[in-house]
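Hi everyone, thanks for making the time this morning. I'd like to walk you through one structure, so let me put it up on the screen.

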Amino acid sequence: MAEGGADGNQPPREPPHSLQGLLQMVVTAGNAEPAPLEPMTDERRQWLQEVMVETFGGQQDEVEQMKACLRVLEAATPGTGSQESLEEAHSDRANREEALDVLAELCENLDNAADFCKLEGMRLLAHRYLEHEEKELCWRAAHLVGTCAQNVPKVQEQALALGCMRKLLRLLDHDPSEAVRIKALFAISCLVRAQEAGLLQFLRLDGFSVLMRAMQSNVQKLQVKSAFLLQSLLVDHPEQKETLCSMGMVQQLVALIRSEHSTFHEHVLGALCSLVADFPQGVQECQQPELALEELLMERCQLLKEQEAFQEELDFCKTLLRLCFQGQPDENSMDR
């Protein structure tokens, strides 16, 4: 499901006569502030699909719809000198936001995602929108990159060739917008998982360090998603465990567990379990006296044992105790 702008009141049913009119109609339909991290409602999606069918004369030619959206995105940006031009620029930006939302909906279809790249859409995102100064456009562009790249190797290859990985890692590491960072992480995940070339670029660009800094941020959604990606990469690529240990990942994960308790800790402990499983070096690092990890895990078990909401975290604590301090490998722990 694509994620997009704000919900609005039901708009007039008379369809516009062009995509530009359609986009403007969608943008002006609601009067709430945008909520970029909430999914598009079923009602809004159904309405948008109906209007698009009416607008294009009943022909559901999705390639033509993508071409029309790309024309909106390719157009020159108007100036902002006078009050009239400021209003024009605001309307133009709203149209571009909606074009990106429509494309994200269409590109959930794998064939459409491939066609989008054939139409040079990925090149446009990489060169013009991925680091756009307007954050509403930037996060939508990152989301669209990820949507297109999911499970489509040719799309992943094109995005990587266009330098998207470098730009996305830079956004994740440095952008002040929370929405941009979260969407950049989503796109990185889509480019790196089940994609050897993506993983190689991620490693070459010191992606694990960027991921760790994201886990250390104060944005819980970013923390959780970063820890989950780290755990997934460890399960899929156990050969990277030595690299991570040499970076001090064990010590940094334990430091995160020592922070004020939150639901995020479940994912950190899961990543730590994946890091030490069948990896003696990781076990040895967990046993370092200065970490006092055994005491920490036992205290956490006491804290969580009566709290049903934290049973998954409790299981990870018990698994780590067995793996690192009791010499009894848990045969189910790596099936997580």
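**A walk through the helices**

Let's begin at helix H19, residues 311-326, where the buried residues are Glu 313, Leu 314, Phe 316, Cys 317, Thr 319, Leu 320, Leu 321, Leu 323 and Cys 324. What covers them? The cover over the buried residues of H19 includes helix H13 (220-236), helix H16 (264-276), helix H17 (280-286) and helix H18 (293-304).

Before I go on, please keep in mind that this is a predicted model. Now for the overall picture. The chain has 19 helices and 0 strands. It runs to 336 residues, of which 51% count as buried. If you take the contacts in the chain with a separation of 6 or more, 72% of them are between residues 24 or more positions apart.

In soluble globular proteins, nonpolar side chains tend to be buried together. Here the largest nonpolar core has 99 residues, and the members touching the most other members are Met 122, Leu 168, Phe 202, Leu 230, Leu 253 and Leu 272. Which helix gives this core its largest share? That is helix H10, residues 178-192, with 10 residues.

Once we leave aside its neighbours within four places in sequence, Met 122 is in contact with Phe 116, Cys 117, Val 145, Cys 148, Val 155, Gln 158, Ala 159, Leu 162 and Cys 164.

Then there is Leu 168, which you'll find in helix H9, residues 164-174. Is Leu 168 buried or exposed? Its relative accessible area is 0%, so Leu 168 is buried. Again setting aside neighbours within four places in sequence, the contacts of Leu 168 are Leu 130, Ala 142, Val 145, Ala 184, Ala 187, Ile 188 and Leu 191. Take Ile 188 from that list: Leu 168 and Ile 188 are 20 residues apart along the chain, and their C-alpha atoms are separated by 6.6 Å.

That brings us to how H9 and H10 pack. Their axes come within 8 Å and cross at roughly 145°, and the crossing is left-handed. On the H9 side, the residues involved are Cys 164, Met 165, Leu 168, Leu 169, Leu 171 and Leu 172, and they meet Val 180, Arg 181, Ala 184, Leu 185, Ala 187, Ile 188, Leu 191 and Val 192 in H10.

On to the aromatics. A pair of aromatic rings is described by the distance of the centres and the angle of the planes. How many aromatic pairs does the structure hold? There is 1. The partners are Phe 202 and Phe 208, in an edge-to-face arrangement with 5.3 Å centre to centre and 85° between the planes. Phe 202 has a relative accessible area of 1%, so it is buried, and Phe 208 is buried too, at 4%.

Phe 208 also takes us into helix H12, which covers residues 207-215. In H12, 8 of the 9 residues are buried, so this helix is largely enclosed by the rest of the structure. Those buried residues are Gly 207, Phe 208, Ser 209, Val 210, Leu 211, Met 212, Ala 214 and Met 215.

Now the cysteines. A disulfide is a covalent bond between the sulfur atoms of two cysteines. The count here comes to 0 disulfides.

A quick stop at helix H7, residues 135-149, where His 143 sits. At 4% relative accessibility, His 143 counts as buried. From His 143 to Leu 130 is 13 residues in sequence and 9.6 Å in space, C-alpha to C-alpha.

Last, the backbone. Most residues other than glycine have a negative phi, and most peptide bonds are trans. Glu 120 has a positive phi, near 70°. It is in the loop between helix H5 (110-118) and helix H6 (121-129), and it is partly exposed at 39% relative accessibility. Ala 194 also has a positive phi, near 60°. Where is Ala 194 placed? It is in the loop between H10 and helix H11 (196-204), and at 78% relative accessibility Ala 194 counts as exposed.

That's my tour, so over to you for questions.

Conventions. Residues are numbered from 1 along each chain as its sequence is written. This is a predicted model: local features need pLDDT of at least 70, side-chain atom pairs count only at pLDDT 80 or more; totals for chains, interfaces and linings use all residues. Side-chain values use heavy atoms; hydrogens and water are left out. A nonpolar core is a set of buried Ala, Val, Leu, Ile, Met, Phe, Trp, Tyr and Cys residues joined through side-chain atoms within 4.5 Å. Buried means under 20% relative accessible area, exposed over 50%, partly exposed in between (1.4 Å probe, protein chains only). Helices (H or I, at least four residues) and strands (E, at least two) are DSSP runs, numbered from the N terminus. Contact means heavy atoms within 4.5 Å. Rings of Phe, Tyr and Trp (its six-membered ring) pair if their centres lie within 6.5 Å; planes under 30 degrees apart count as stacked, over 60 as edge-to-face and the rest as tilted. A disulfide is a pair of cysteine sulfur atoms within 2.5 Å. Axes are lines fitted to C-alpha atoms, for helices over the stretch in contact, and angles run from 0 to 180 degrees between N-to-C directions. A crossing is left-handed if the near helix is turned anticlockwise from the far one by less than a right angle, and right-handed if clockwise.
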